[in-house]
Amino acid sequence: MENTSENRQKNQALIPSKHISIGLLAHVDAGKTTLAESLLFHTGSIRKMGRVDHQDAFLDTNEMERARGITIFSKQAVFKLKDKEITLLDTPGHVDFSAEMERTLQVLDYGILIISGPDGVQGHVETLWRLLKQYQIPTVLFVNKMDQEGTEKEKILDQLKKRLHEHCIDFSQDRDREEFLEEAAMCGEPALEEYLETGNISQKKLGDMVKNRELFPCFFGSALKSQGITEFLEGLENLLECPSYSESFGAKVYKISRDDKGTRLTHMKITGGSLKVKQLLSGEGWEEKADQIRIYDGQSFQTVEEAGAGCVCAVTGLTKTWSGEGLGEETASAPPVLTPVLTYEIRLPQGTDVHGMLIRLRQLEEEIPELQILWNEQLGEIHAQVMGKVQIEILQQMILERFGIEVEFGSGNIVYKETIKEPVEGIGHFEPLRHYAEVHLLLEPLERGAGLIFAADCSEDVLDRNWQRLILTHLEEKHHLGVLTGSEITDMKITLIAGRAHLKHTEGGDFRQATYRAVRQGLRKAESILLEPVYEYSLEVPQDTVGRAMADIQRMSGTFSTPDIQGAYAFLTGTAPVSEMRDYQREVTAYTRGRGHLSFVLKGYEPCHNSQEIIEAAAYDPEGDLENPTGSVFCSHGAGFNVPWDQVEEYAHIDTGFGKEEEPEMEIQSAPAPSFEEIRLTQQELEEIFVRTYGPIKRPRYNQEEDFAVKKAPEKTRRYKKQEPEKEYLLVDGYNIIFAWEDLQELAKVNIEGARNKLMDMLCNYQGYKKCTLILVFDAYKVEGGQGEVQKYHNIYVVYTKEAETADQYIEKTVHEIGRKYHVTVATSDALEQVIIMGQGAARLSARNLREEIQMMNQEIRNHYLEKTKKSGSYLFESLPEHMTDFMEDVRLGKKNFEDLGKKS
């Protein structure tokens, strides 16, 4: 608990801090926000206690929260406990917003878990407890609503010990001191030793035990009536310890939001050093300055020039940050535990700009990452993952208020996942003309809930470290889809075991393609398993209906333990598929006449109980999914050709030997060979045949490792004329070109997106030929609220301008910034634009000239292919020296035999 960083050097000096961040967690309606009000009031931070039902609570700053009486977004307040500066983070209690709660756990030093006295330990409370354990957050418990009739302290304590932890200890001041010390001493050996030696346990020792999660103090009271609050605050003051931090800067981003003016806020905790205004921050692929540092207290905030270690603040000026990101020495967080299990179609009103709306929803996704906004190309639909019905209602209202569009959500579908049964090797090869990359991955199944783990076990002598890092980056950047239903894969370890690059022709994008194809090829070879989400439930029904409940659970393919009979009620616990149980509460209410109660939490993913039915209903064709190809691209005679997934191993350039028994050398000779045309022997194999039959042959030695250099030898003379990478830029005005080229103009009349995609594909080929940095710019200035977007499309960059910015303006700005440093060309037929960019030092290229260059490029590639085809019509002789090629051709035609070779030598 020293701090939230996971990568601090142990021998580095640590500096104590006065800041402590505490999170409030609870099941909905346990009185969490009311407790926050009471704590703030009794520490003098607010003058008057607000109430949730009066819609004036200090931390309910959003109108939707006030109207519904629930916390939707995590909030921050500050107060002091003597010399300790406390940052209080109020988190949502409703299960639909539990992902927002989990994000806040990343920055907590301590957690306060509120239990409702009348309700006891509910299902969601156990989920919160497991999360606190997973994030290793020291926890103090406050049992609220003890003023209500029927609440018994001893009964609740017994429940806490049984269902949470046996070291939940009553810290009430009216408790017998000796009894308390004896119970606390049993929670840890150091405390026991101190108690046996001195007859007492110091506050420092108790605080250490809390910090190490060996002891969980329990306090009792009523937040609404301020009962037990003073005692609780005194307990916090005595037990909580301020963390220490490193001198080096580090910060953990836990939330992205926007203020009333639309300003993007990056909420973070400083976990080392300090952050100053205008300090330069950087992440993967970005570098920006912190414009303003805000310390929020409810709805208001105070700006500061510097935020020290332990401080929780919001920073403006950062546009690329994301929730869970680590800055400075801080590492990124692991994927969240709580994720949605339902996916919904977002239905837009007729006439809505789908592309513009997709950009806006991605902005919303920054703030609510679990949405995972997805554009389904085949169906032409926008899909989002949602936790439940309440979150859907909130999202509808947020989209209406922020974007002015009323959207509807379709019926929810279960989010399935896929994994594999046994280890398998996946091979991906990408080798169109002037490109090369091959990747070999080992896919291994992991235990349920492990997620995806990526690793490398490849020698740097085989593949350079930089290429290995790039491959791991490509593995992490994409949601890889399975081959059964097209669902996301999980519970696998994917290890890079081999790979190959070409010194001249390999580019970064080549390994992206090879990596993606290797994953898919491995999944096609493997025996895949469909996984479905499973609830862990607790069902309370009258005794006379327990039989009906057990029969229902069996029908739902669920499990249950022996019924626990308590008075007139029976309690059932177990697991059941989400698809079967999600609407079961209505049935329970009906057959128990309102006396039954069902609660459940997501346990995780298990093998699907009706997988064949789901697979058939999905009708997913992995070979028809062109966005996620399973095959590879190889090169022959100067042109690329596709190889299906089940034949990739035959063509692969690397043999890792995975899954193969050791075979006798030269086993290929024992296989029947009807004709030379059907044999594809390597240079080494040919040499071994000749040496074994006729002895050593005197001829120029050929090195197989120079395979590509030999084939492409004529190009080596141009090597030194090649321009340096990224020194030449080509900016293309997208819509200007589309409406200047007749074929694209006609296509645009039918489908503007089709025209865009066709232009993008043509320019990808052109960039591969020219080797320049190509930026394609499209106008999006009419998209209301558009923030602009830059996408990497294969080997080119595609820019969509922000609201009120035209493509001309963007190009002029870019040329002004780089025109004097690099060779910049702008492709447009706008005469005024040509004059302006020439004044900035850039060259101009008309739409007609660009089209001619692309046509010339296509013709040159075709001529190169035809020339290569004429030179060799046989795979067998393609790599041999010229005199051996002629000799072997005469042997094939029957003009000579191998004895003639012996005569020559």
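The model is predicted, so local features require pLDDT of at least 70 and side-chain atom pairs pLDDT 80 or more, while totals for chains, interfaces and linings use all residues. Residues are numbered from 1 along each chain as its sequence is written, and side-chain values use heavy atoms, without hydrogens and water.

The protein chain contains 28 helices and 43 strands (DSSP runs, H or I of at least four residues for helices and E of at least two for strands, numbered from the N terminus). Of its 905 residues, 49% are buried (under 20% relative accessible area, 1.4 Å probe, protein chains only). Its accessible surface is about 44800 Å² (Shrake-Rupley method, 1.4 Å probe). Carbon and sulfur atoms account for 47% of that surface. Among contacts (heavy atoms within 4.5 Å) between residues at least 6 apart in sequence, 69% join residues at least 24 apart.

Helix α3 (residues 98-105) packs against helix α4 (residues 123-134). The angle is about 25°, and the axes lie 11 Å apart (lines fitted to C-alpha atoms over the stretch in contact, with angles from 0 to 180 degrees between N-to-C directions). The angle therefore makes α3 roughly parallel to α4 (under 35 degrees). From α3, S98, M101, E102 and L105 meet H124, L128, L131 and L132 of α4. By class, this contact has five nonpolar, two polar and one charged residues.

T34 belongs to helix α1 (residues 32-42). T34 counts as buried because its relative accessibility is 16%. Leaving aside residues up to four places away in sequence, T34 touches V52, A223 and L224.

Terms used
Angles under 35 degrees count as roughly parallel, over 145 as roughly antiparallel, 65 to 115 as roughly perpendicular and the rest as oblique. Ala, Val, Leu, Ile, Met, Phe, Trp, Tyr, Cys and Pro count as nonpolar, Asp, Glu, Lys and Arg as charged, and the others, Gly among them, as polar. Buried means under 20% relative accessible area, exposed over 50%, partly exposed in between (1.4 Å probe, protein chains only).
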